[in-house]
Amino acid sequence: MDRSQDHTGQDQAPGEGEPGEGEPGSVVGAIEQAALAAILRAGTLDELDAVVVDATGKRSSLADLQRQLSERSAGSRPAWGKALQQARRTLGEAAERRRTELAAAQRAERSVAERMDLTEVLPAPLPGQLHPVTQTWEELEDIFTGMGFVVAEGPEVEDDWHNFTALNMPANHPARDGQDSFYLEMGEPESVLLRTQTSPVQIRLMESQPPPIWAVSPGRVYRRDTPDASHLAAFHQIEALVVDRGISFAHLAGTISTFTKAFFGPSVRSRLRPAYFPFTEPSAEFDISCTLCGGDGCRSCGGVGWLELGGSGMVDPAVFQAVGLDPEEWSGFAFGFGIDRCAAMRWGIPDIRLLVDNDARFLSQF
Amino acid sequence: MRTTLSWLTELAPFGVAPSDSAAVADMAATLADLGMIPESVERVGSAIEGVVVARVEEVDAIPGADRIRRVVVDAGTKVEVVCGASNFAQGDLVALAPVGAVLPGADGPLERRRMKGVTSNGMLCSPVELGLWEDRGGLLVLPAGAAEVGMPLASVPGLGPDVLFDLEIQANRPDALSVAGVARDLAARVSVAFGRAGSGSPSTAGGAAGARGVDRSTVVGRPGEALSWGDVTVSVEDASLCPRLTAQLLTGVRQRPSLPTVARRLHLCGMRPISNVVDASNYVMLELGQPTHPYDFDRLPGGGITARAARVGEQIETLDGVTRVLGVGPMPDCVIAAADGTPVGVAGVMGGASSEISPSTSRVLLEAAYFDPRSISATARRLGLRSEASARFERGCDPWGLEAAVSRFCQLLGRPDAEPGQPGSNASSPASWDQSGGTPLLDITGDVPRATRIRVRLERVEQVLGLPVERDRMATLLEPMGFSVSDLLHEPEHGQEVEPGPRRAGGGAATAPRSTVEVTVPSWRPDTSREVDVAEEVARQWGYGKISPLQRRPVQVGRLSPLQRTRRAVRRAMVGLGASEVWTPTLLAAGEHKKAGMATVVELKVANPLVAEEAVLRSSLLPGLLACMARNLSRGHDELRMFEVGHVFAPPAAGSSLPEEADVAALLLARESDGAEEAVRSWRALAHALVLTDASVEADQKAGLHPGRSASLFSAGVHVGSVGEVDPAVAEAFGLASRRLGWLQLDVGRLACVPPHTGPLLLPSRFPPAEFDLSFAVDDSVPAETVQRTLARAAGPWSAGVALFDVYRGQRVQAGSRGLAFRLRFVAPDHTLDERELADLRRSCVQAVEQEHPATLRT
């Protein structure tokens with residue numbers, strides 16, 4: 001019970017015909033001493049609540065004395081009032097102290113009783129995870145969309161025109177030999193194949209929309225090669241295509257530099273060196289400084305300080321002509337590289353075949 | 001392409017010592033920057049330290065020994081050794097490894113030994129023992145005059161320290177498949193003169209840029225006519241396959257081992273030294289890039305050669321001992337035949353065994369030709385026979401480089417004991433052939449590519465490269481490589497024949513604009529035929545790395561398409577369901593679909609599979625995921641869920657030549673408690689995550705799935721996938737018999753096309769919700785979802801959800817039906833629902849279900 005509610009006691013002087021006998025101090029004092037002892041004896045918060053009600057509630061001796069106050073003489077009333085007020089305050093404070101003690105004890109007891117070994121929790125199924133190639137693929141998409149590119153996709157089964165001929169690799173072109181293809185038993189012999197590169201998406205883009213084009217095309221590609229530690233018969237590439245006005249080799253170099261720093265880290269350098277691809281001219285392979293040794297030369301980079309990443313170049317005028325674009329008006333560049341290889345580099349995966357082995361324990365690490 | 005530093009230096013004075021690692025590394029970096037990537041750079045020749053040159057003084061038999069002899073050599077001092085070889089005689093210069101020397105591959109220093117009572121104070125060495133080259137013929141015998149007695153073997157020219165470069169050459173650079181080609185590019189870059197000292201520039205020998213060098217030693221004929229000289233007849237029957245054929249007869253040829261320099265370089269570059277004749281042909285090919293072929297003239301029936309198309313089914317045994325069948329490919333094969341018609345070689349690919357050079361050959365007919373690159377490529381590919389020669393011919397050799405090659409061959413053969421280190425250089429030793437006999441070069445030339453002249457706009461080159469290119473800079477970069485850059489007198493119209501104009505000095509109204517030049521391409525550069533090709537050459541010689549990168553961004557906003565965003569959302573939702581993403585093969589074994597219960601699938605076959613396990617295109621992700629799951633279980637990984645997102649294929653639609661492709665996501669659930677129910681829960685979780693409109697499940701039979709536990713999935717009326725449990729028979733076929741497998745498959749392309757949810761939003765209400773339960777006995781023919789949909793409609797605008805919370809099957813409902821208990825929740829936005837309103841709602845919901853379905857309220 002809140003002491004403040006009883007605090008508004010009437011300050012009347014004691015009068016005639018007072019009930020009871022004795023001095024206010026000794027009468028109230030005795031009650032107070034008994035109540036204090038009961039408060040200290042209370043062993044639980046519930047007991048304490050009961051003791052407080054007994055000592056200060058409506059049916060308590062103090063309440064009786066309070067009610068008798070008006071019957072006291074005007075002379076004794078202030079003394080009685082003061083004594084009662086004093087007793088209530090003392091008891092209230094004592095109860096509060098005891099309450100704090102008991103609450104602390106109860107918490108301590110509960111803490112002990114409910115103690116758990118949080119390392120003995122049994123495992124529950126975890127969320128799964130994206131394949132490392134997907135994680136790499138999505139990060140590359142994010143970087144390129146951040147650079148203003150859209151993401152374009154195309155079919156995995158292609159015709160000869162989109163995969164080879166339109167890319168300046170007509171029938172019997174020696175460059176076709178380097179990309180041994182899986183052909184389908186469909187149409188004319190060797191007319192339908194599993195795409196050997198993502199470049200046919202470039203052709204489809206240029207056929208289907210007018211420039212400017214700023215797009216990347218990620219996807220699965222196929223080569224008829226026996227798999228080994230660094231090659232798969234089916235793997236993933238991402239290729240960028242830019243067709244716009246006034247695009248030069250210098251823009252190619254700048255774009256590759258921006259992308260490689262974004263993906264591999266700001267300290268990574270890129271370099272272009274002359275190469276040959278039928279669909280670009282000038283053509284370049286692009287390397288990045290070794291991500292392990294930073295370019296000083298180590299085992300990972302064969303001591304040369306550079307890692308070969310992919311191919312690039314200015315779109316060959318013959319490709320523009322194949323899709324009906326005027327190479328005098330439009331220019332552009334393209335570059336592409338392997339997503340699986342980037343994933344293998346990022347996580348230090350020693351054998352690229354692990355990426356398609358699909359071992360649950362291996363995959364759970366990514 | 002392998003080459004050595006000493007060989008390069010012989011063709012241009014690079015001034016780099018093999019021991020100077022920094023300069024060698026610089027050279028390697030420059031080669032890489034020119035597009036000739038060193039795959040390895042190796043220092044060679046330091047292993048023969050300690051070995052000295054010695055002259056054989058005495059050779060004596062050892063009593064009681066057949067295979068060894070006592071030899072005394074002079075190596076400055078007399079040294080007695082025991083030797084098992086027999087290919088030397090008194091006076092020969094040999095290599096002595098004295099006691100204490102360490103030979104390549106030896107365990108320790110050479111020790112003094114005693115054999116049959118004779119002390120051997122060292123060892124006379126063979127080229128193999130010295131790590132020089134493969135030659136099992138006995139000791140290394142140096143040509144007389146090649147070295148001084150007592151000098152270290154490493155100081156003998158050709159045997160000293162060197163650097164071996166293994167270069168990756170781009171497919172369009174046949175000229176760089178030669179030491180001369182590499183040296184030419186490198187010399188241009190580092191500004192040193194290209195050309196063998198004192199012999200003129202090899203780049204122009206034989207008529208560079210189409211200017212044919214004709215001299216008295218050449219006799220010229222035309223295709224179709226036989227060109228004869230003495231016993232020799234040369235002709236070309238099919239000039240489209242062989243536009244140019246030359247041959248020269250050398251008589252009185254003496255065969256002997258090649259010079260140490262030649263043998264060593266051949267060995268280092270991956271070819272086995274055989275004899276001076278064969279080695280000279282190989283050496284010329286490596287040095288100049290022009291393959292030649294030496295025939296034993298006396299084994300050519302009829303005396304001479306002709307180039308013609310192979311007859312259908314014609315057979316020839318090539319040098320490697322394999323019988324080849326020709327004339328059966330889609331393109332004609334070119335053969336070289338003897339005068340009587342017998343084929344004696346697969347032109348440009350490999351010579352025939354019948355006319356091979358043998359130790360007894362004394363008359364050599366040397367052939368040098370220019371073959372059609374496409375024909376050589378097709379023949380080599382069809383025969384599966386890639387030779388050093390075919391690799392060069394199919395990329396396009398220099399049609400005007402034949403004379404230089406023949407001349408170099410003769411030079412190499414001419415002076416076997418020439419001053420060491422300079423193969424074929426001036427020396428007064430006897431030649432290996434009779435230079436007064438034989439024939440001149442017999443040359444049949446048909447329609448051979450001429451020099452290409454290209455009109456080049458400087459402005460265009462600048463645009464392509466993003467690099468300022470003035471006329472003089474272009475000339476400085478290109479001309480050292482054999483190009484020539486000249487001004488045009490007048491700007492020609494497009495397509496007009498251009499003539500080289502005189503160089504213009506100074507400006508003037510009558511002269512051509514400075515902006516256009518004419519570039520003449522050397523005949524060994526078939527890769528350069530257009531303006532943009534010239535731009536590439538400019539950039540290559542200038543250095544790609546010296547072009548300053550420029551940044552540019554498009555005007556458009558880069559973002560993913562709805563399909564791509566949907567695919568990502570599906571992936572993430574599946575990950576959230578505890579599934580690991582896998583990539584299974586796109587190609588399956590034939591019959592794999594049938595095994596997975598999809599017997600009616602039309603399998604799209606690969607015509608040329610690599611392995612039988614990957615021979616048809618998948619039409620579903622089910623077989624791949626089942627196989628993947630089975631493999632993981634066999635490895636002891638359990639409690640798995642896996643998913644894959646990828647393309648599946650179906651036969652072409654009408655009017656299309658390509659298969660139908662769909663972007664599909666599939667989830668296979670294989671935890672202990674998984675099955676059809678978990679699959680449906682997964683669908684609900686996905687539908688929730690993707691905020692699909694009106695997601696629904698409709699019983700349906702799906703190939704590969706349990707016939708009683710499969711359904712089609714819809715959103716906004718669009719069929720987006722299927723759900724259920726894998727057919728137990730299918731699971732068993734994949735070795736997964738012991739468990740129920742949940743399956744969920746979604747067509748991501750269709751999901752992306754589902755119209756987005758557009759209904760009114762339910763706003764939070766500050767009034768309390770109310771709920772009641774309704775339990776119906778519903779006929780088994782009515783899906784629970786249908787009843788639920790009826791309730792949801794009947795519940796009206798105050799509905800805050802209808803959920804099935806119990807299903808009862810048993811005696812307290814009629815047979816053929818089951819009890820379905822739903823909890824309905826309501827809330828109004830503007831007041832607390834009272835008893836009367838709730839009673840009305842209850843009544844209308846019960847009424848709707850009982851009226852629309854064979855269902856009764858259970859009480």
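The lining of the second largest cavity comprises 8 charged, 4 polar and 4 nonpolar residues (Asp, Glu, Lys and Arg count as charged, Ala, Val, Leu, Ile, Met, Phe, Trp, Tyr, Cys and Pro as nonpolar, and the others, Gly among them, as polar). This is a predicted model, in which local features need pLDDT of at least 70 and side-chain atom pairs count only at pLDDT 80 or more, while totals for chains, interfaces and linings use all residues. Residues are numbered from 1 along each chain as its sequence is written, and side-chain values use heavy atoms, with hydrogens and water left out.

Of the 16 lining residues, A:W137, A:E156, B:R567, B:W583 and B:H647 lie nearest the cavity centre; a cavity here is a set of points on a 1 Å grid over the protein atoms alone where a 1.4 Å probe fits but cannot get out, and lining residues have an atom within 4 Å of a point.

Turning to charged pairs, the structure holds 72 salt bridges over all chains (a side-chain nitrogen of Lys or Arg within 4 Å of a carboxyl oxygen of Asp or Glu). One of them pairs B:D333 with B:R382, with closest N and O atoms 2.4 Å apart. B:D333 is buried at 1% relative accessible area, whereas B:R382 is partly exposed at 31% (buried means under 20%, exposed over 50%, partly exposed in between, with a 1.4 Å probe and protein chains only).

B:R525 and B:E537 also form a salt bridge, at 2.7 Å from N to O, and both residues are buried. In B:D700 and B:K702, joined at 3.9 Å from N to O, both partners are partly exposed, at 33% and 22% relative accessibility.

How values were computed:
Chains are lettered from A and ligands numbered from 1 in the order in which they are written. On a 1 Å grid over the protein atoms alone, a cavity is a set of points where a 1.4 Å probe fits but cannot get out, and a pocket is an open set with protein on both sides within 12 Å along at least five of seven lines; lining residues have an atom within 4 Å of a point.
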